[in-house]
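Me: I'd like to go through some labels and ask what backs each one. Here's what we're looking at.

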Amino acid sequence: MSFWLAVLRQVARNLRQTWPSQFMTLLTVSLSVLIFAFFYLVYMNMLGVGDKLGDDLRLIVYLEEEPGPEMQEQLRRKILAFDEVEQIRFISKAEAYQRFADQLGNDRDVLDDMPRDFLPASIEVVPLKNLRSLSQVKLFSDYLARLPGTLKVQYGQDWIERFYYFTRLLSIVVLLSGGLLIMTTVFMVSYTIRLTILGRQAELELLRLVGATNNYIRTPFLIEGVLQGILGSTVGIISLYTLFHWIKLRFSGPGILTIFEFSFFQGPTVATIIFISVLLCTVGSYLSMQKFLRI
Amino acid sequence: MSESNGAMIEMIKVSKIYQPDIRALSDVSVSIAQGEMFFLIGMSGAGKTTFLKLLCNMETPTNGLIEIAGRDIQKLRGKTLARMRQKIGVAYQDFKLLTDRTVAENIAISMEVSYKKPQHIKKRVRDLLDRLALADKHDAITGELSRGEQQRVALARAVANSPTLILVDEPTGNLDATTTRRVMDLLTKCNHSGATVIIATHDDSIYRDTQHRIMELRSGKLHLIREGLPQ
């Protein structure tokens with residue numbers, strides 16, 4: 001009989017004898033992975049939404065009066081002095097009026113009595129993709145507001161601020177649930193292995209006396225940890241995948257879910273989550289062995 | 001396991017003191033040859049079990065040197081110690097059986113740890129059960145057997161892996177005369193196959209007519225009772 005066959009027989013025998021506690025541990029690992037992966041999935045998708053919003057982000061600088069060519073050049077230089085930007089576009093009062101009229105469509109006749117220069121001239125600034133964090137956009141906005149002749153700067157502050165605070169909150173939840181995953185998994189697996197070791201003291205002592213090597217005694221416990229990690233994380237990920245599709249189907253009508261394209265984890269992310277879970281379970285199992293399985 | 005100058009076991013001035021101050025063995029020196037059958041007798045509490053435990057490294061001596069096949073067993077660690085133990089079959093006085101396992105599983109365990117083939121294990125288990133009149137107990141749960149039957153299972157496990165050193169602690173304590181003879185026949189057969197056999201007992205029926213060396217432990221000290229006759 002080879003070493004691995006002997007070890008696998010030991011594992012099978014042990015799983016058969018201690019299946020209730022093994023099952024509870026499996027359930028706990030699955031739940032931990034599910035909770036963490038759920039928040040991580042939401043966070044990843046929110047980052048995607050943030051990127052999409054960022055692509056459309058532009059700052060509108062309303063001006064007191066329409067700048068001449070020379071002033072336009074001065075303002076352009078001042079804007080570029082803060083940072084490189086993707087685009088700077090000057091919009092005259094007439095152009096603003098035309099845009100507004102186009103937006104009104106069939107209702108443009110409401111503008112008939114209005115003077116064609118009642119809308120202020122403005123500068124449309126599209127920041128670079130790296131100017132994404134809230135603090136940077138705010139700094140840039142404050143800088144633009146201090147430019148001479150600026151009435152005010154608009155970029156959907158409230159919405160963007162709320163969105164960024166939400167993603168920041170999510171990142172904290174992801175970190176917390178990640179910590180929870182680590183602690184629960186390591187604790188539960190090490191506790192189960194500990195119970196198994198304590199429940200099998202007589203057998204382990206006998207194995208030592210009849211000449212079992214350390215590897216022969218320890219490897220089955222490590223394999224149990226690895227199995228807990230693989231099965232627990234797989235069940236957790238499959239549950240999340242099912243939940244994700246159910247939510248997509250259930251809320252596929254008009255609403256926020258249809259505005260943005262929500263996606264599930266890519267293969268490498270799934271593999272990483274499973275790998276980390278396996279690693280944690282193995283660590284839990286190893287810690288218990290170090291403490292309770294003295295050979 | 002290779003021998004050293006023909007001696008399987010060398011014990012030199014070995015003492016064992018249990019806390020707080022119980023002297024189980026006191027300056028015991030003995031040399032046991034490879035292939036020898038050796039009887040260790042003495043009253044209960046004389047130190048027989050301690051003697052055997054020291055030989056299989058279950059206990060460590062307080063003083064002295066113990067060599068098995070030329071190797072100081074106190075210095076063995078890890079795989080080397082495991083391999084040494086695979087070559088030592090021990091039938092413990094308290095049996096050390098896994099009472100929730102079947103008889104066959106209990107006997108097989110000593111062969112599984114040295115990775116014997118499943119077919120070999122099955123055949124060897126059947127053979128030993130036949131020899132010890134336990135053929136019908138193959139799949140019986142060990143905890144449900146009588147003391148006498150458990151004792152034979154423990155003995156079967158001790159000899160199953162064809163060890164070169166067999167240590168047996170009170171092998172006939174719970175057995176009738178016929179079964180005692182069977183047990184002794186098995187041990188004699190192992191001895192004839194080359195194994196060194198050490199039997200600790202206070203049952204004089206099994207050593208009364210023996211040709212082998214007998215030593216007695218009295219208050220932790222070893223006394224020669226009878227020199228073995230040449231084989």
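Me: Which residues do ring pairs link into a cluster?

Reply: Phe36(A), Tyr40(A), Tyr241(A), Phe244(A), Phe264(A) and Phe265(A) are joined that way. A pair here means rings of Phe, Tyr or Trp (its six-membered ring) with centres within 6.5 Å; planes under 30 degrees apart are stacked, over 60 edge-to-face, and the rest tilted. Bear in mind that this is a predicted model, where local features need pLDDT of at least 70, side-chain atom pairs count only at pLDDT 80 or more, and totals for chains, interfaces and linings use all residues. Residues are numbered from 1 along each chain as its sequence is written, chains are lettered from A and ligands numbered from 1 in the order in which they are written, and side-chain values use heavy atoms, with hydrogens and water left out.

Me: How many aromatic pairs does that rule give over all chains?

Reply: The count is 14. Take Phe3(A) and Tyr115(B): their ring centres are 6.0 Å apart and the planes stand at 85°, so this pair is edge-to-face.

Me: What makes Phe3(A) and Tyr115(B) a pair that joins two chains?

Reply: Phe3(A) belongs to helix H1 (residues 3-17) of chain A, while Tyr115(B) is in the loop between helix H3 (103-112) and helix H4 (118-131) of chain B, so the pair joins two chains. Helices (H or I, at least four residues) and strands (E, at least two) are DSSP runs, numbered from the N terminus.

Me: Why is the pair Phe39(B) and Tyr207(B) called tilted?

Reply: The planes of Phe39(B) and Tyr207(B) are at 50° with centres 6.4 Å apart, so tilted is the label. Phe39(B) is in strand E3 (residues 37-41) of chain B and Tyr207(B) in the loop between strand E8 (196-201) and strand E9 (213-218), so the pair ties together parts 168 residues apart in sequence.

Me: Are Phe39(B) and Tyr207(B) buried or exposed?

Reply: Buried is under 20% relative accessible area, exposed over 50%, and partly exposed in between (1.4 Å probe, protein chains only). Phe39(B) has 1%, so it is buried, and Tyr207(B) has 15%, so that residue is buried too.

Me: And why is Tyr115(B) called partly exposed?

Reply: Because its relative accessibility is 27%, Tyr115(B) falls into the partly exposed class.

Me: What puts the charged end of Lys96(B) over the ring of Tyr92(B)?

Reply: The rule wants NZ of Lys or CZ of Arg within 6 Å of the ring centre and within 35 degrees of the ring normal. The charged end of Lys96(B) sits over the Tyr92(B) ring, 5.6 Å from its centre.
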